[in-house]
Amino acid sequence: MTFYDALETRSADARAASLAECLPALLTHAQGLAGYEHLAQFDLSSIASADDLARLPVLRKSELGAAQKRLPPFGGYSGGEFDYAFQSPGPLYEPGRNSHDWWRFARFLHATGFGPDDIVQNCFSYHLTPAGTMFENGARAVGAAVLPAGTGQTELQAQAAHDVGVTGYAGTPDYLKVILEKADEMGLTLGIGKAAVGGGALFPSLRQWYADRGIICRQCYATADLGNVAYESEAMDGLILDEGVVVEIVTPGTGDPVPFGEVGEVLVTTLNNDYPLVRFATGDLSAFMPGESACGRSNLRIKGWMGRADQTTKIKGMFIRPEQVAAFVAKHPEVTRARVIASRDGEADAMAVKIEGVAEKAADYAASLTETLKLRGQVEVVASGSLPRDGVVIEDQRSYE
């Protein structure tokens, strides 16, 4: 396996010297944007490393959303020019550009083996949310052709994969299995040999299921706001940080770094003048790993996704937030409490919702939940007072070991 470029194997000193040059320039640029007026009180020329960033305030999604209401569409955090405007649950809006590898997925796709000889079936959504366009932009950067499949219509997906000669898959971890099983039912032989997945946890049993079929499956850690942050390589020893971001691990709810190796909340600064997010709080938990990857890439590594700093949970590639559950309860005066439960059904995510309400209104609740959470799930109406009074509104029962 060759490297994408020489940046991946830089020495720690060379990487630090590069950051010391570009980080103050990025922050000075950000200071001129309406969303970052508060940075005027800081000496940005002295902030030249990840450790120095700890002197700046944290940017949280709630602040970004509030800013977007004051200064639509991007809250004053974008340089102003954009080719795409996307909407994510919240709603939150993200800009995008057509320029080469703007979301930084090329390193990940290259490390997974994608290149000019591949046709990628891109099963991330192209509808409002940016994931489909993000991966297409990265696939083009490594020279691969793209079948823009999006989500759903599994029988057509299987037929297209066969007819077009698809060699690679991009999408959520479990949907490839659905396509492959549908192809088996239809008597179709597919040539998919590699998969680049994200938007949900890649469970070991599912990775092994793909390996048993001769499919290399690797995952990345990315968000709609930030683009790609970290990715797996052939060494399979953690997720390597992308060269276009600075990552900190802090005590949840604060901006205070934890000791190296301890679990904390992931903060990311993007080295992107078009949309510079500075100390953006993901709400995700992870930890740095010691040493370098056995693959030869020298950047820091994280252990991957280790849960949420709050109760926000990703199910079937979509975030479910406590405020969405609260919005559902507010729509139905007779409902006293609701609890979303994330679990696994075989190799796929499953969602159930227990509701203290009126049993005869179960169908109404199901429709309302689909509208509010943007996902379908099993609805169970339970007796008033039967749900635990433990403050939990989203319970994740999945095991990530």
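Ser88 is placed in strand 1, which covers residues 84-88; helices (H or I, at least four residues) and strands (E, at least two) are DSSP runs numbered from the N terminus. The structure is a predicted model, in which local features need pLDDT of at least 70, side-chain atom pairs count only at pLDDT 80 or more, and totals for chains, interfaces and linings use all residues. Residues are numbered from 1 along each chain as its sequence is written, and side-chain values use heavy atoms, with hydrogens and water left out.

Is Ser88 buried or exposed? Ser88 counts as buried because its relative accessibility is 11%, where buried means under 20% relative accessible area, exposed over 50%, and partly exposed in between (1.4 Å probe, protein chains only). The side chain of Ser88 also makes a polar contact with the side chain of Glu94, at 3.0 Å. A polar contact is a pair of N or O atoms within 3.5 Å; within protein, one must be able to donate a hydrogen and the other to accept it, and residues adjacent in sequence count only if both atoms are side-chain atoms. Leaving aside residues up to four places away in sequence, Ser88 touches Glu94, Thr129, Pro130 and Ala224, contact being heavy atoms within 4.5 Å.

The cysteines come next. A disulfide is a covalent bond between the sulfur atoms of two cysteines. With the rule of a pair of cysteine sulfur atoms within 2.5 Å, the count comes to 0 disulfides. For Cys123, the closest cysteine sulfur is that of Cys217, and the 13 Å between them is too far for a bond. Cys220 is in no disulfide either, as the nearest cysteine sulfur, that of Cys217, is 11 Å away. Cys123 is buried, at 4% relative accessibility, and Cys220 is buried too, at 9%.

Helix 6 (residues 154-164) shows two sides. Its buried residues are Thr154, Gln157, Ala158 and Ala161. These residues lie on the same side of helix 6 because they cover an arc of only 95° around the axis, the arc being that of the directions from the helix axis to the C-beta atoms. Leu156 and Asp163, on the other side of helix 6, are exposed. The buried residues of helix 6 pack against strand 3 (119-122) and helix 7 (175-186). After helix 6 comes Gly165, with a positive phi near 80°.

Some backbone angles also deserve a look. Most residues other than glycine have a negative phi, and most peptide bonds are trans. The bond from Pro72 to Pro73 is cis, with omega near 0°, and Pro73 lies in the loop between helix 3 (61-70) and strand 1. Another cis peptide bond joins Gly90 and Pro91, with omega about -5°; Pro91 is in the loop between strand 1 and strand 2 (92-96). Lys316, although not a glycine, has a positive phi of about 55°. Lys316 is in the loop between strand 15 (313-315) and strand 16 (318-320), and is partly exposed at 39% relative accessibility.

Finally, the whole protein can be viewed. The protein has 10 helices and 20 strands, and buried residues make up 50% of its 401 residues. Along its principal axes, the C-alpha trace spans about 65 × 50 × 40 Å. Of the contacts with a separation of 6 or more, 63% are between residues 24 or more positions apart.
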